[in-house]
Amino acid sequence: MDKKIYSQILDKIKSSRNILITTHENPDGDAVASVCVAAELLGGLGKKYYIFCNDKPEPGLLFLPHAESIATKADDIPFETIDLVIALDCSKLERSRIDEQIRRAEIFTINIDHHISNCQFGNLSLVDPDAAATTQIIYEFLKQVKISINRVMANCILTGIITDTGNFAYASTDSHTFDVASEMLIKGANVREVLNYTSKNKNLRILKAWGFALSRLQYNKKYDIVFTVLTQENLQGLGIAKQELEGLANFFNNLKDAKIVLVLYELGDGCVKGSLRTNKDNVDVSRLAGIFGGGGHKKAAGFEIEGKLEKINDNWQIV
Ligand SMILES: [Mn+2]
(Lines give C-alpha, C1' and ligand atoms only; values in the text may rest on other atoms or scores of the structure.)
Protein backbone atom coordinates (compact mmCIF):
# COMPACT_ATOMS: atom_id res chain seq x y z
CA MET A 1 0.00 0.00 0.00
CA ASP A 2 1.43 3.35 -1.04
CA LYS A 3 1.18 5.48 2.11
CA LYS A 4 0.64 8.64 0.04
CA ILE A 5 -3.02 7.68 -0.31
CA TYR A 6 -3.70 8.41 3.37
CA SER A 7 -2.53 12.02 3.22
CA GLN A 8 -4.20 12.50 -0.16
CA ILE A 9 -7.51 11.45 1.40
CA LEU A 10 -7.03 13.74 4.40
CA ASP A 11 -6.08 16.70 2.17
CA LYS A 12 -9.17 16.16 0.04
CA ILE A 13 -11.41 16.02 3.12
CA LYS A 14 -9.83 19.18 4.51
CA SER A 15 -10.32 21.10 1.27
CA SER A 16 -13.98 20.05 0.85
CA ARG A 17 -16.99 21.89 2.29
CA ASN A 18 -20.04 19.67 1.87
CA ILE A 19 -19.30 16.00 2.14
CA LEU A 20 -21.59 13.05 1.45
CA ILE A 21 -20.82 9.75 3.16
CA THR A 22 -22.45 6.68 1.67
CA THR A 23 -22.34 2.89 1.73
CA HIS A 24 -24.03 -0.11 0.13
CA GLU A 25 -27.76 -0.76 0.19
CA ASN A 26 -29.10 -3.21 2.79
CA PRO A 27 -26.24 -2.17 5.07
CA ASP A 28 -24.59 -4.64 7.42
CA GLY A 29 -22.81 -3.81 10.67
CA ASP A 30 -19.53 -2.84 9.03
CA ALA A 31 -21.29 -0.58 6.52
CA VAL A 32 -23.22 1.30 9.20
CA ALA A 33 -20.23 1.45 11.57
CA SER A 34 -18.02 2.79 8.76
CA VAL A 35 -20.35 5.68 7.93
CA CYS A 36 -20.72 6.44 11.65
CA VAL A 37 -16.98 6.59 12.31
CA ALA A 38 -16.60 8.80 9.21
CA ALA A 39 -19.37 11.10 10.48
CA GLU A 40 -17.65 11.37 13.85
CA LEU A 41 -14.38 12.21 12.10
CA LEU A 42 -15.94 14.86 9.82
CA GLY A 43 -17.83 16.39 12.74
CA GLY A 44 -14.56 16.64 14.65
CA LEU A 45 -12.95 18.40 11.70
CA GLY A 46 -15.84 20.89 11.64
CA LYS A 47 -17.13 19.72 8.26
CA LYS A 48 -20.71 19.86 7.02
CA TYR A 49 -21.73 16.36 6.02
CA TYR A 50 -24.66 14.18 5.00
CA ILE A 51 -24.99 10.43 5.35
CA PHE A 52 -26.97 8.44 2.81
CA CYS A 53 -27.85 4.77 2.71
CA ASN A 54 -30.57 3.36 0.47
CA ASP A 55 -32.01 1.28 3.32
CA LYS A 56 -32.45 1.89 7.02
CA PRO A 57 -30.00 0.02 9.26
CA GLU A 58 -31.53 -2.85 11.20
CA PRO A 59 -32.82 -1.47 14.53
CA GLY A 60 -30.04 -3.16 16.56
CA LEU A 61 -27.42 -0.98 14.85
CA LEU A 62 -29.07 2.28 15.86
CA PHE A 63 -27.05 2.26 19.09
CA LEU A 64 -24.15 3.59 17.01
CA PRO A 65 -23.84 7.37 17.30
CA HIS A 66 -24.90 9.10 14.02
CA ALA A 67 -26.83 6.01 12.81
CA GLU A 68 -30.09 7.85 13.42
CA SER A 69 -29.06 10.64 11.06
CA ILE A 70 -28.63 8.39 8.02
CA ALA A 71 -30.87 9.65 5.20
CA THR A 72 -32.59 6.97 3.13
CA LYS A 73 -34.24 9.25 0.55
CA ALA A 74 -31.98 10.53 -2.21
CA ASP A 75 -34.23 13.61 -2.51
CA ASP A 76 -33.01 14.74 0.91
CA ILE A 77 -29.44 15.08 -0.37
CA PRO A 78 -28.55 18.38 -2.13
CA PHE A 79 -26.23 16.76 -4.68
CA GLU A 80 -25.55 20.07 -6.45
CA THR A 81 -23.86 21.43 -3.29
CA ILE A 82 -21.79 18.32 -2.51
CA ASP A 83 -18.09 18.56 -3.36
CA LEU A 84 -16.90 15.22 -2.03
CA VAL A 85 -18.38 11.73 -1.77
CA ILE A 86 -16.83 9.15 0.54
CA ALA A 87 -18.08 5.66 -0.35
CA LEU A 88 -17.40 3.13 2.40
CA ASP A 89 -17.65 -0.68 2.33
CA CYS A 90 -19.14 -0.33 -1.16
CA SER A 91 -17.70 -2.67 -3.82
CA LYS A 92 -19.20 -0.67 -6.69
CA LEU A 93 -20.76 2.77 -6.67
CA GLU A 94 -23.98 1.32 -8.09
CA ARG A 95 -24.56 -0.42 -4.75
CA SER A 96 -25.10 2.98 -3.15
CA ARG A 97 -28.11 3.46 -5.48
CA ILE A 98 -27.13 7.12 -5.86
CA ASP A 99 -24.39 6.45 -8.41
CA GLU A 100 -26.34 8.24 -11.14
CA GLN A 101 -26.71 11.44 -9.11
CA ILE A 102 -23.02 11.35 -8.13
CA ARG A 103 -21.86 10.79 -11.71
CA ARG A 104 -24.25 13.40 -13.13
CA ALA A 105 -22.94 16.02 -10.69
CA GLU A 106 -19.35 14.83 -11.34
CA ILE A 107 -18.56 14.76 -7.63
CA PHE A 108 -15.04 13.82 -6.55
CA THR A 109 -15.27 10.37 -4.99
CA ILE A 110 -13.14 8.55 -2.43
CA ASN A 111 -13.56 4.76 -2.31
CA ILE A 112 -12.57 3.00 0.94
CA ASP A 113 -13.35 -0.71 1.01
CA HIS A 114 -12.14 -4.24 1.66
CA HIS A 115 -14.27 -6.29 -0.78
CA ILE A 116 -12.12 -8.45 -3.01
CA SER A 117 -14.63 -7.66 -5.76
CA ASN A 118 -14.18 -3.87 -5.41
CA CYS A 119 -13.98 -2.41 -8.92
CA GLN A 120 -11.59 0.41 -7.88
CA PHE A 121 -14.00 3.19 -8.78
CA GLY A 122 -13.55 6.76 -7.66
CA ASN A 123 -10.88 9.44 -7.89
CA LEU A 124 -9.03 8.15 -4.83
CA SER A 125 -9.28 4.49 -3.96
CA LEU A 126 -8.12 2.81 -0.75
CA VAL A 127 -9.01 -0.86 -1.09
CA ASP A 128 -7.46 -3.57 1.04
CA PRO A 129 -9.02 -7.02 0.59
CA ASP A 130 -6.88 -8.35 3.45
CA ALA A 131 -8.55 -6.06 5.99
CA ALA A 132 -11.13 -7.84 8.12
CA ALA A 133 -13.50 -4.87 7.94
CA THR A 134 -13.79 -1.47 6.30
CA THR A 135 -13.62 0.05 9.78
CA GLN A 136 -10.20 -1.59 10.14
CA ILE A 137 -9.03 0.33 7.04
CA ILE A 138 -10.46 3.53 8.54
CA TYR A 139 -8.50 2.74 11.72
CA GLU A 140 -5.34 2.41 9.61
CA PHE A 141 -6.12 5.74 7.93
CA LEU A 142 -6.62 7.52 11.29
CA LYS A 143 -3.31 6.10 12.56
CA GLN A 144 -1.41 7.16 9.43
CA VAL A 145 -2.73 10.73 9.46
CA LYS A 146 -2.31 10.93 13.24
CA ILE A 147 -5.91 11.70 14.14
CA SER A 148 -6.67 10.46 17.62
CA ILE A 149 -9.42 7.89 18.02
CA ASN A 150 -12.09 8.84 20.55
CA ARG A 151 -14.45 6.47 22.38
CA VAL A 152 -17.22 6.86 19.78
CA MET A 153 -14.84 6.05 16.93
CA ALA A 154 -13.41 3.12 18.88
CA ASN A 155 -16.88 1.63 19.41
CA CYS A 156 -17.71 2.02 15.70
CA ILE A 157 -14.40 0.48 14.59
CA LEU A 158 -14.90 -2.47 16.95
CA THR A 159 -18.47 -2.94 15.71
CA GLY A 160 -17.33 -3.19 12.08
CA ILE A 161 -14.68 -5.73 13.01
CA ILE A 162 -16.96 -7.85 15.20
CA THR A 163 -19.80 -7.97 12.68
CA ASP A 164 -17.67 -8.54 9.57
CA THR A 165 -15.61 -11.32 11.16
CA GLY A 166 -18.67 -13.14 12.57
CA ASN A 167 -17.42 -12.41 16.11
CA PHE A 168 -13.75 -13.05 15.21
CA ALA A 169 -14.54 -16.39 13.56
CA TYR A 170 -13.84 -15.91 9.85
CA ALA A 171 -10.59 -16.62 8.05
CA SER A 172 -10.16 -12.85 7.61
CA THR A 173 -9.40 -12.61 11.34
CA ASP A 174 -5.67 -12.50 12.00
CA SER A 175 -3.46 -11.32 14.85
CA HIS A 176 -3.63 -7.74 13.58
CA THR A 177 -7.43 -7.83 13.85
CA PHE A 178 -7.11 -8.73 17.53
CA ASP A 179 -4.47 -6.03 17.99
CA VAL A 180 -6.81 -3.40 16.57
CA ALA A 181 -9.74 -4.70 18.63
CA SER A 182 -7.60 -4.65 21.76
CA GLU A 183 -6.51 -1.08 21.07
CA MET A 184 -10.17 -0.09 20.60
CA LEU A 185 -10.99 -1.53 24.05
CA ILE A 186 -8.19 0.54 25.53
CA LYS A 187 -9.70 3.60 23.82
CA GLY A 188 -13.04 2.92 25.49
CA ALA A 189 -14.97 0.60 23.14
CA ASN A 190 -17.37 -1.69 24.95
CA VAL A 191 -17.26 -5.23 23.56
CA ARG A 192 -20.29 -6.45 25.53
CA GLU A 193 -22.39 -3.53 24.37
CA VAL A 194 -21.40 -4.19 20.75
CA LEU A 195 -22.19 -7.92 21.03
CA ASN A 196 -25.50 -7.23 22.76
CA TYR A 197 -26.64 -4.90 20.00
CA THR A 198 -25.24 -6.78 17.01
CA SER A 199 -25.72 -10.47 17.68
CA LYS A 200 -27.55 -11.06 20.95
CA ASN A 201 -30.40 -8.89 19.75
CA LYS A 202 -32.89 -11.33 18.25
CA ASN A 203 -36.47 -11.38 19.47
CA LEU A 204 -38.83 -14.34 19.48
CA ARG A 205 -40.42 -13.33 16.17
CA ILE A 206 -37.04 -13.22 14.40
CA LEU A 207 -35.87 -16.54 15.85
CA LYS A 208 -39.18 -18.19 14.88
CA ALA A 209 -38.72 -16.90 11.34
CA TRP A 210 -35.19 -18.28 11.30
CA GLY A 211 -36.62 -21.55 12.61
CA PHE A 212 -39.00 -21.63 9.68
CA ALA A 213 -36.10 -21.04 7.28
CA LEU A 214 -33.99 -23.72 8.98
CA SER A 215 -36.85 -26.25 8.87
CA ARG A 216 -36.78 -25.83 5.10
CA LEU A 217 -33.10 -26.62 4.59
CA GLN A 218 -32.38 -28.70 1.55
CA TYR A 219 -29.21 -30.35 0.37
CA ASN A 220 -28.11 -30.19 -3.24
CA LYS A 221 -25.71 -33.09 -3.67
CA LYS A 222 -24.46 -32.08 -7.11
CA TYR A 223 -23.08 -28.74 -5.87
CA ASP A 224 -22.60 -29.72 -2.20
CA ILE A 225 -24.75 -26.75 -1.17
CA VAL A 226 -27.27 -26.58 1.65
CA PHE A 227 -29.87 -23.91 1.00
CA THR A 228 -33.15 -22.47 2.18
CA VAL A 229 -35.68 -20.12 0.63
CA LEU A 230 -38.07 -17.48 1.88
CA THR A 231 -40.70 -15.99 -0.40
CA GLN A 232 -42.32 -12.60 0.20
CA GLU A 233 -45.43 -14.49 1.25
CA ASN A 234 -43.38 -16.35 3.88
CA LEU A 235 -41.77 -13.13 5.14
CA GLN A 236 -45.11 -11.37 5.41
CA GLY A 237 -46.69 -14.37 7.11
CA LEU A 238 -43.84 -14.41 9.63
CA GLY A 239 -44.07 -10.62 10.09
CA ILE A 240 -40.39 -10.13 9.34
CA ALA A 241 -38.55 -7.43 7.38
CA LYS A 242 -35.64 -8.25 5.08
CA GLN A 243 -33.19 -6.47 7.43
CA GLU A 244 -34.14 -8.98 10.11
CA LEU A 245 -32.70 -11.79 8.02
CA GLU A 246 -29.27 -10.22 8.54
CA GLY A 247 -27.37 -12.80 10.54
CA LEU A 248 -29.36 -15.82 9.37
CA ALA A 249 -26.76 -16.83 6.79
CA ASN A 250 -23.99 -16.47 9.39
CA PHE A 251 -25.92 -18.59 11.88
CA PHE A 252 -26.63 -21.15 9.18
CA ASN A 253 -22.87 -21.26 8.45
CA ASN A 254 -22.36 -23.22 11.68
CA LEU A 255 -23.20 -26.24 9.54
CA LYS A 256 -20.19 -28.43 8.85
CA ASP A 257 -21.76 -30.85 6.36
CA ALA A 258 -21.80 -28.91 3.10
CA LYS A 259 -19.23 -26.86 1.22
CA ILE A 260 -21.52 -23.87 0.86
CA VAL A 261 -24.67 -22.56 2.52
CA LEU A 262 -27.12 -20.34 0.67
CA VAL A 263 -30.11 -18.31 1.84
CA LEU A 264 -32.43 -17.16 -0.96
CA TYR A 265 -35.20 -14.70 -0.31
CA GLU A 266 -37.48 -12.43 -2.26
CA LEU A 267 -36.83 -8.73 -1.66
CA GLY A 268 -40.33 -7.68 -2.68
CA ASP A 269 -39.18 -5.49 -5.58
CA GLY A 270 -39.09 -8.25 -8.19
CA CYS A 271 -35.62 -9.38 -7.13
CA VAL A 272 -34.26 -12.39 -5.28
CA LYS A 273 -31.33 -11.98 -2.91
CA GLY A 274 -28.85 -14.76 -2.29
CA SER A 275 -26.48 -14.83 0.70
CA LEU A 276 -23.62 -17.29 0.38
CA ARG A 277 -21.33 -18.50 3.16
CA THR A 278 -18.64 -21.11 3.51
CA ASN A 279 -16.34 -22.18 6.29
CA LYS A 280 -14.17 -24.31 4.01
CA ASP A 281 -10.68 -22.90 3.43
CA ASN A 282 -10.59 -23.95 -0.23
CA VAL A 283 -13.91 -22.40 -1.26
CA ASP A 284 -14.31 -18.82 -2.51
CA VAL A 285 -18.01 -17.90 -2.55
CA SER A 286 -17.32 -14.43 -3.98
CA ARG A 287 -16.56 -16.16 -7.31
CA LEU A 288 -19.88 -17.97 -7.24
CA ALA A 289 -21.67 -14.72 -6.36
CA GLY A 290 -19.84 -13.09 -9.28
CA ILE A 291 -21.47 -15.50 -11.73
CA PHE A 292 -24.80 -13.98 -10.69
CA GLY A 293 -23.54 -10.38 -10.87
CA GLY A 294 -22.81 -10.08 -7.16
CA GLY A 295 -19.66 -10.16 -5.10
CA GLY A 296 -18.26 -9.91 -1.62
CA HIS A 297 -15.64 -11.83 0.26
CA LYS A 298 -14.16 -15.30 -0.08
CA LYS A 299 -16.12 -16.61 2.90
CA ALA A 300 -19.23 -14.39 2.71
CA ALA A 301 -20.76 -13.06 -0.48
CA GLY A 302 -24.10 -12.24 -2.03
CA PHE A 303 -25.98 -11.41 -5.20
CA GLU A 304 -29.31 -10.08 -6.37
CA ILE A 305 -31.11 -11.25 -9.46
CA GLU A 306 -34.42 -10.36 -11.01
CA GLY A 307 -37.13 -12.94 -10.62
CA LYS A 308 -39.18 -14.72 -8.02
CA LEU A 309 -38.94 -17.99 -6.16
CA GLU A 310 -41.19 -20.77 -7.29
CA LYS A 311 -41.50 -24.39 -6.29
CA ILE A 312 -41.70 -26.55 -9.38
CA ASN A 313 -41.93 -30.33 -8.92
CA ASP A 314 -40.42 -30.17 -5.44
CA ASN A 315 -37.51 -28.04 -6.64
CA TRP A 316 -37.12 -24.36 -5.88
CA GLN A 317 -36.30 -22.25 -8.91
CA ILE A 318 -35.81 -18.56 -9.62
CA VAL A 319 -38.15 -17.76 -12.48
MN1 LIG B 1 -17.43 -4.89 5.27
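Visitor: Why is Thr159 called buried?

Guide: In this predicted model, Thr159 has a relative accessible area of 0%. Buried means under 20%, so Thr159 counts as buried.

Visitor: Where is Thr159 found, and which residues does Thr159 touch?

Guide: Thr159 is found in helix H5. Leaving aside residues up to four places away in sequence, Thr159 touches Gly29, Ala33, Phe63, Leu64, Val194 and Thr198. A contact here means heavy atoms within 4.5 Å.

Visitor: What makes Asp30, Asp89, His114 and Asp164 donors of the manganese ion?

Guide: Their donor atoms are OD of Asp30, OD of Asp89, NE2 of His114 and OD of Asp164, lying 2.1 to 2.3 Å from the manganese ion. The cut-off for a donor is within 2.8 Å of the metal, so these atoms qualify.

Visitor: How are the donor residues of the manganese ion spaced in sequence?

Guide: The spacing is D-x58-D-x24-H-x49-D. Asp30 lies in helix H2 (residues 29-44) and Asp164 in helix H5 (residues 151-164), so this pair ties together parts that are 134 residues apart in sequence.

Visitor: Why does Asp164 count as buried?

Guide: Asp164 has 12% relative accessibility, and the limit for buried is under 20%, so Asp164 counts as buried. Asp30, at 0% relative accessibility, also counts as buried.

Visitor: What is the order of the strands in the open sheet of five strands?

Guide: The order is E2-E1-E3-E4-E5, with parallel pairing. Strand E2 (48-52) and strand E5 (124-127) each have a single partner strand, so one side of each is left without a neighbour in the sheet. From one strand to the next, the twist averages 15°.

Visitor: How do you know that strand E1 and strand E3 pair?

Guide: Four bridges join strand E1 (residues 18-22) to strand E3 (residues 84-88) in the parallel sense. Pairing needs at least two bridges, so E1 and E3 count as paired. Ile19 stands opposite Leu84 in E3. Helix H2 packs on this sheet, touching E1, E2 and E3, and the direction of H2 makes about 165° with that of E1.

Visitor: What makes strand E9 mostly covered?

Guide: Seven of the seven residues of E9 (residues 271-277) are buried. Cys271, Lys273, Ser275 and Arg277 point one way, while Val272, Gly274 and Leu276 point the other way.

Visitor: Which strands does E9 pair with?

Guide: Strand E8 (residues 260-266) pairs with E9 in the antiparallel sense over six bridges, and Val263 stands opposite Ser275 in E9. Seven bridges join E9 to strand E11 (residues 300-306), also antiparallel.

Notes: Residues numbered from 1 in each chain as written. Predicted model: local features only at pLDDT ≥ 70, side-chain atom pairs only at ≥ 80, totals over all residues. Heavy atoms only, no water. Donors = N, O, S within 2.8 Å, 3.2 Å for Na, K, Ca; no water. Helix = DSSP H or I, 4+ residues; strand = E, 2+ residues; numbered from the N terminus. Buried < 20%, exposed > 50% of the residue type's maximum accessible area, 1.4 Å probe, protein only. Axes fitted to C-alpha atoms, helices over the stretch in contact; angles between N-to-C directions.
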